[in-house]
Every structure is written in C-alpha cells, then in structure tokens.
Amino acid sequence: MFLWLKLLVSFFVPYSEKMLANNNMNKERIDWEKLSPREIKAEFAKINRKFVERYELIDDSDQFYSYLAKPIRTSIRINTLKIDPGCVLRRLKDKIDKEIPWFEFGFFVKDKEIGKTIEHKLGLIFLQEAASMIPPVVLDPKPGSKVLDIAAAPGAKTTQIAQLMQNDGCIIANDVKVDRVNILISNLQKCGVLIAKVTLKDGRFFGRFENKFDYVLIDAPCSNVGMIRKNFKYLKIWSMRDVKALSRLQKELLLAGYKSLRPGGTLVYSTCTLDPLENEEVVNFLLEKTNAELEEIDIKVKSRRPFTKFEGKEYFKEIKKCLRIHPQDNDTEGFFIAKIVKNY
Ligand SMILES: C[S@@+](CC[C@H](N)C(=O)[O-])C[C@H]1O[C@@H](n2cnc3c(N)ncnc32)[C@H](O)[C@@H]1O
C-alpha cells in the first residue's frame with residue numbers, strides 16, 4: 001500500500017522538483033566550507049557513490065572536491081548590441097568585481113542579486129557563467145556569416161554569437177525542447193538579437209543540410225558535472241547509464257553538425273561536463289569517421305591535458321588540442337571545448 005502511494009506521488013511530482021528540494025535540504029544541513037576535501041568527498045559519496053567511484057578515474061584531487069562544493073562566482077556579459085560597455089560599467093561600478101580574462105565584455109560581479117537590476121531586465125547585461133563564454137569566443141563567427149547553433153536554449157551562447165556578429169548575418173538557433181525554446185525566444189528578444197531564426201527540431205535533423213553553414217556550435221546536452229557547483233541536483237541525478245546514452249547522442253549530433261558545415265568552416269563542440277566518454281571519445285569518433293581536423297585554441301584560460309587514452313582505449317594524439325577545464329583551474333564551471341575545421 002505504502003509503495004503504491006509512493007509511486008503515485010512520484011508520478012505527479014516532477015523528478016527535477018524533488019531533486020531541487022533535496023538539494024536545498026542538503027545544502028542547509030552541511031556547512032561545506034568547514035569540511036576538508038576528503039570529508040567533502042565522503043559526503044558526495046553518501047549522495048551518489050557511483051559518481052565518486054567514476055571520478056576517481058577522472059580527477060580525484062583535493063582541489064577538485066573543494067571547488068565542487070564551493071558556490072560558483074556570479075558573472076555577467078555586457079550586451080554591446082544594446083549599450084556601450086562604458087555606460088554599463090559606470091552604472092554598475094559598485095557591483096563589478098573584475099574582468100573575465102577570456103572575453104572582453106565579461107565580468108565577475110560582487111552582487112549575487114544582479115539579476116534583479118534594471119540593466120538585466122532590459123537586456124543590457126546577460127547573466128552568464130564565465131566558462132560558458134568560451135565556446136563562442138573560440139567559434140569567433142564573423143559578421144555576415146551563416147551560423148547553426150544546434151542546441152541553443154536558453155540562448156546564452158546564441159546571444160553572445162549575435163553580439164560577436166554585430167547583428168549581421170544569420171543564426172539558426174535550434175533546440176529540441178519546446179519549454180526551453182520559449183525561454184530562448186524571450187532571451188533573443190530581450191537582448192535585441194535581430195538575426196536569429198528559431199527552430200524546434202532534433203539537432204540530428206540538420207545533417208541533411210550538407211555544406212551549408214560557415215560556423216556550427218554544438219553545445220551538447222550532457223551530464224552537467226561542471227554545473228554541480230551551481231546546483232547539487234546534478235550530483236544526485238548523475239548516472240553512468242545517462243553518460244553512456246548522452247555519449248551516443250553527442251556523437252550523432254556532432255556528425256550531423258559536421259555534415260552541415262561548409263568546407264573551410266569552423267565547428268565548436270562543447271560540454272559542461274568532464275567524463276571522457278562525453279568529450280574526448282566523442283571528438284575522437286568524428287576524427288575516425290570524417291576528414292575533420294582539430295585546431296589549436298589560443299585564449300587566456302588555464303586548462304589541462306585532455307585524455308589521450310581512457311579505460312584501455314587510445315585516442316588520436318590531436319585530441320591534445322582540445323581544452324579540458326576543471327572547476328579548480330579558473331574557479332569556474334567545468335568545461336570541455338574542441339575547435340574543429342572541415343577541409344576542402
Ligand atoms: C547545454 S544546453 C545548451 C545551452 C545553450 N547553448 C546556452 O548557452 O544557453 C543543451 C541543450 O540541448 C538540448 N537538446 C537535448 N537533446 C537535443 C537534441 N537531440 N537536439 C537538439 N537539442 C537537444 C537541451 O534541450 C538543452 O537546451
């Protein structure tokens with residue numbers, strides 16, 4: 001009887017909401033700052049033992065655990081489509097902390113409530129995690145070009161891409177989830193993006209548009225380990241089964257995105273997670289199946305060597321050109337970024 005009741009409740013209460021509730025409970029109960037890295041690891045194991053076992057193979061350092069438990073720094077991007085950066089900096093001077101080294105209009109802020117300011121409501125600034133500004137910087141789309149953003153919602157990177165293109169050209173901003181597409185549309189409007197056409201498709205659909213786009217961004221759905229600092233729900237819901245399923249989807253999205261890229265064009269593949277199966281393995285798959293080549297990424301960000309072998313599998317040496325960023329490297333979310341070019 002009790003089991004039936006539990007099943008009934010779990011049917012009506014969305015999974016993510018329950019996770020959020022648990023997440024808040026846990027954050028309140030544990031004073032993470034007082035714990036040593038090994039104690040944090042032990043607490044993480046209580047929440048999700050399989051996660052800790054897996055990450056012993058990826059990053060088992062003290063720093064990794066202490067940064068995963070540390071709240072993420074708030075950061076903004078000034079939206080130059082709507083305002084002169086000097087004007088925003090003057091208006092928000094008491095709230096700004098320091099510049100983000102890898103994007104000239106990105107700033108860490110002292111005020112966690114910056115989302116409530118009029119500047120944010122008007123779309124003069126966009127709340128965006130600092131590491132999430134890297135993929136558009138690496139893509140470096142030129143004004144007047146054709147861009148495909150295959151998994152675009154809620155639009156942090158699409159709006160940044162439009163900013164880099166100075167609202168000149170065309171962006172196909174796609175996502176598969178209707179509720180997220182609605183947020184994407186609202187963010188594009190708020191930020192004054194005039195060059196985006198929004199589509200609601202499975203990203204794999206775009207494989208049929210061969211050689212069409214100058215730039216393609218695949219900011220792939222992933223297991224979100226890099227975002228644990230933002231929300232502990234990602235630690236709770238993490239599973240190896242999801243990692244494997246996501247890895248398959250990511251390979252298919254990458255292949256479709258690569259097909260749609262014109263020869264001479266640039267594709268950026270990124271995730272905010274750290275499992276090699278969702279990163280190096282996916283890029284390695286593309287190198288095996290196509291004539292894709294990786295390019296060196298030259299930006300002011302601290303990163304570490306990508307895996308060139310994992311669980312007995314060897315990857316192409318070229319994989320070293322990718323950026324693998326762990327939370328402790330720059331005090332940000334974790335990220336993985338690959339810059340891929342298609343030859344003529
Ligand atoms: C990491 S989020 C994208 C974040 C976004 N690029 C930004 O910067 O705001 C991954 C997105 O992939 C979308 N997604 C999941 N499966 C997809 C698929 N098969 N095709 C296209 N998008 C998909 C999810 O709905 C989610 O919005």
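Start with β1 and β3: they pair in the antiparallel sense over three bridges. Strands here are DSSP runs (E, at least two residues), numbered from the N terminus. Two strands count as paired if DSSP finds at least two bridges between them. This is a predicted model: local features need pLDDT of at least 70, side-chain atom pairs count only at pLDDT 80 or more, and totals for chains, interfaces and linings use all residues. Residues are numbered from 1 along each chain as its sequence is written.

Select Ile 76. Which residue in β3 stands opposite Ile 76? Phe 107 does.

Now show the sheet. Four strands form an open sheet, ordered β2-β3-β1-β4, with antiparallel pairing. β2 (96-99) and β4 (125-127) stand at the edges with a single partner strand each, so one side of each has no neighbour in the sheet.

Next, colour the domains. Domain 1 covers 18-68, domain 2 covers 75-127 and domain 3 covers 130-341. These bounds come from an automatic or database domain assignment. Look between domains 2 and 3: 14 residues of domain 2 are in contact with 17 residues of domain 3. Contact means C-beta atoms, placed from the backbone, within 7 Å. On the domain 2 side, β1 (75-78) and β3 (106-109) are the elements giving two or more residues.

Finish by colouring on pLDDT, the predictor's confidence in each residue, from 0 to 100. The chain averages 93, and 92% of the residues score at least 70. Select residues 5-28: pLDDT stays under 50 there.

How values were computed
Two residues are in contact if their C-beta atoms, placed from the backbone, lie within 7 Å.
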